[in-house]
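Subject: Structure for you to look at

Dear colleague,

I am handing over the structure we spoke about, and below it you will find what turned up when I went through it. Please read the notes with the coordinates open beside them.

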Amino acid sequence: MGTPPEWTALDPRHLWHPYAPAPDPLPAYPVVGSEGVHLILADGRKLVDGMASWWCAIHGYRHPDMVRTLQEQVDVLPHVMFGGLTHEPAARLAERLARLSPGDLNRVFFCDSGSVSVEVALKLAVQYWQARECPEKCCFLALRGGYHGDTFATMSISDPDNSLHDRFRSLLPRQYFTPQPPDADCTASELEDACARFEADLVAHQYALAGVVLEPVLQGAGGFHPYPPAFLTQVAALCARHEVLLIADEIATGFGRTGTLFACEQADVVPDILCLGKALTGGMLSLAATLTREEIAKVVSEAGPFLHGPTFMANPAACRVALASLDLLESRDWMAEVAAIEKILRRELLPLQSAKGVARVRVLGAFAVVETSEPVNASAWQALAIQRGVWLRPFQNFVYLMPPFIIQEAELMQLTGAIQTGISDLL
Ligand SMILES: *Cc1c(COP(=O)(O)O)cnc(C)c1O
């Protein structure tokens with residue numbers, strides 16, 4: 001369909017794509033626009049987006065309210081340093097997040113990416129124990145199968161055997177790991193065993209641990225693994241009992257993806273520190289936040305300042321867009337949208353469980369993964385998806401979906417139909 005625009009020749013000459021060699025032998029499709037649940041390619045094709053730009057675009061693309069809000073903010077104050085200055089978008093967003101998040105997480109640190117918000121959480125936990133004169137409590141216990149980012153400290157708490165990070169192991173701070181929690185549909189005795197094992201690992205390292213870090217209820221890119229909320233409930237109780245901070249990384253799960261506004265709610269858990277990112281701005285700009293209880297902020301601050309401060313901290317345009325995204329979320333029955341998506345994902349994808357080459361299928365809220373027995377041929381999958389008018393981005397053994405919440409049944413069926421065809425034709 002037509003010749004590609006001339007700028008596309010610059011990409012292989014100059015660009016690096018995520019987790020890719022340069023130049024990348026696999027194609028990068030030129031995208032020139034976006035509208036609702038669609039991405040628009042340079043050749044005019046419109047694709048239903050099954051990825052929501054990696055968990056982010058919960059309202060689809062270019063929602064008019066968000067576009068207008070961004071334009072208004074850019075006209076007044078697009079960016080300003082946050083040292084010694086403050087502004088209404090940051091103040092209002094902090095108040096809003098404090099109100100919406102579980103429990104009394106009332107103190108908010110803004111930064112510009114999810115990985116950095118996790119770095120901030122780790123530094124907060126370490127400074128907290130230093131302030132309490134327990135400087136030996138400076139390590140973390142993390143779950144196998146987790147993913148917390150691409151910076152050094154976040155790599156050190158992500159799954160240790162995951163091929164994304166293992167070559168840096170000699171450079172990473174040493175952390176502790178505990179097994180991946182059992183499947184969401186495990187038996188009561190499997191759950192009990194898992195909790196006992198967790199407690200044993202926690203107790204073994206208790207005096208070295210500043211915190212436990214985990215993704216609540218659904219592990220993301222480290223394994224796409226939903227686990228029982230009851231596991232998290234027990235983990236939170238054990239952390240409190242053994243004096244270890246609980247850090248919840250809701251960068252992927254936050255803002256409704258798993259069916260509740262925050263996944264912690266499903267376990268009735270209030271973490272000590274909460275990391276947010278991705279869908280925080282509805283996918284329009286990069287922004288992340290680390291929230292904690294006032295009491296923790298107070299302990300840290302009595303010993304001195306908290307030692308972090310990104311250049312683009314609390315970018316006003318991003319904060320305004322985040323407020324607009326939250327307005328939209330509150331104006332719609334997003335819970336019904338997510339429930340409707342979940343129902344269709346279950347109906348269309350769970351039957352693939354018995355298909356040849358499929359290891360397992362998991363659905364939680366507006367998220368689904370078909371895990372294959374062998375690594376997928378990503379470029380063949382992508383070509384098939386595009387031919388069928390959808391955007392998918394499988395990797396390793398995972399063909400997964402996290403569509404915008406505004407997606408309609410017919411569009412969702414296009415996505416699940418492409419996966420069904422891929423499973424029968426490509427495996
Ligand atoms: C994406 C993600 C991160 C990292 O966020 P970036 O914005 O890519 O730095 C951290 N934790 C989880 C659970 C994520 O899904």
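A residue is taken to be near a molecule if one of its heavy atoms lies within 4 Å of it. With that cut-off, and bearing in mind that this is a predicted model, the residues around the ligand are S113, G114, S115, Y147, H148, G149, E215, D249, I251, A252 and K278. By residue class, this shell divides into three nonpolar, five polar and three charged members.

On the nitrogen side, an N or O atom in the side chain of D249 is 2.7 Å from a nitrogen atom of the ligand. The ligand taken alone exposes 380 Å², of which the protein buries 83%.

I also looked at R107, which lies in strand 4, a run that covers residues 107-111. R107 has a relative accessible area of 44% and is therefore classed as partly exposed, since that class lies between the limits of 20% and 50%. Leaving aside residues up to four places away in sequence, R107 touches T290, L291, T292, E294 and A297, and with E294 there is a polar contact between the two side chains at 2.8 Å. The C-alpha atoms of R107 and L97, which are 10 residues apart along the chain, are separated by 9.3 Å.

Note on methods: Residues are numbered from 1 along each chain as its sequence is written. This is a predicted model: local features need pLDDT of at least 70, side-chain atom pairs count only at pLDDT 80 or more; totals for chains, interfaces and linings use all residues. Side-chain values use heavy atoms; hydrogens and water are left out. Helices (H or I, at least four residues) and strands (E, at least two) are DSSP runs, numbered from the N terminus. Buried means under 20% relative accessible area, exposed over 50%, partly exposed in between (1.4 Å probe, protein chains only). Contact means heavy atoms within 4.5 Å. A polar contact is a pair of N or O atoms within 3.5 Å; within protein, one must be able to donate a hydrogen and the other to accept it, and residues adjacent in sequence count only if both atoms are side-chain atoms. Accessible areas come from the Shrake-Rupley method with a 1.4 Å probe; for residues, only the protein chains shown count as cover. Ala, Val, Leu, Ile, Met, Phe, Trp, Tyr, Cys and Pro count as nonpolar, Asp, Glu, Lys and Arg as charged, and the others, Gly among them, as polar.
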